[in-house]
Amino acid sequence: MATLWMLMLVAAVIGLFWYQRKLAEQARIHAQHQCQQLGVQLVSVACLKWRIGILTNGKLGIRSTYLFEFSSDGESLYQGKLYMDNERLHGKDIPPHKI
């Protein structure tokens with residue numbers, strides 16, 4: 001019986017890791033889209049935090065915050081934030097930057 005529980009735990013950890021990678025890829029796509037709209041260059045995307053919780057639609061899911069760095073002139077670096085519910089973007093903070 002202990003072996004079954006151990007296998008279920010390992011499968012859950014692997015599944016969570018796989019889903020987290022899927023969320024990171026979606027965040028990169030959202031950050032790329034934001035940079036294209038602003039006409040700036042995307043430098044990097046990183047996960048700030050994620051947690052399991054109640055989403056804005058009232059269902060259980062993963063709420064995450066991603067930090068993305070971009071450059072408008074090749075010298076300056078700015079940091080924006082993306083707020084996501086599962087794979088869906090529900091908010092963003094983009095600082096003022098040079099054009």
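Analyst: Arg28 and Glu25 both belong to helix 1, where three residues, about one turn of the helix, separate them. The model is a predicted one.

User: What makes the pairing of Arg28 and Glu25 a salt bridge?

Analyst: The criterion asks for a side-chain nitrogen of Lys or Arg within 4 Å of a carboxyl oxygen of Asp or Glu. For Arg28 and Glu25 the N to O distance is 2.5 Å, so the pair qualifies as a salt bridge.

User: Why are Arg28 and Glu25 called partly exposed?

Analyst: A residue is buried under 20% relative accessible area and exposed over 50%, with partly exposed in between. Arg28 has 32% and Glu25 has 38%; both values therefore fall in the partly exposed range.

User: How many salt bridges are there in the whole structure?

Analyst: A search of the whole structure gives three. One of them joins Lys22 and Glu87, with 3.3 Å between the closest N and O atoms.

User: Why is the pair of Lys22 and Glu87 said to tie together parts that are apart in sequence?

Analyst: Lys22 is in helix 1 (residues 2-38), whereas Glu87 is in the loop between strand 3 (78-85) and strand 4 (88-93), so the pair ties together parts 65 residues apart in sequence. Lys22 is partly exposed at 37% relative accessibility, and Glu87 is partly exposed at 28%.

User: How do you know that Arg63 and Asp85 form a salt bridge?

Analyst: Their side chains meet at 3.1 Å, N to O. This distance is within the 4 Å cut-off, so the pair counts as a salt bridge. It links distant parts of the chain, with Arg63 in strand 2 (residues 60-71) and Asp85 in strand 3, 22 residues apart.

User: Why is Ser64 called buried?

Analyst: Ser64 has 3% relative accessibility, which is under 20%, so Ser64 counts as buried. Ser64 is located in strand 2.

User: Which residues is Ser64 in contact with, leaving aside its neighbours within four places in sequence?

Analyst: With those neighbours left aside, Ser64 is in contact with Lys49, Trp50, Leu82, Tyr83 and Met84.

Key. Residues are numbered from 1 along each chain as its sequence is written. This is a predicted model: local features need pLDDT of at least 70, side-chain atom pairs count only at pLDDT 80 or more; totals for chains, interfaces and linings use all residues. Side-chain values use heavy atoms; hydrogens and water are left out. Helices (H or I, at least four residues) and strands (E, at least two) are DSSP runs, numbered from the N terminus. Buried means under 20% relative accessible area, exposed over 50%, partly exposed in between (1.4 Å probe, protein chains only). Contact means heavy atoms within 4.5 Å.
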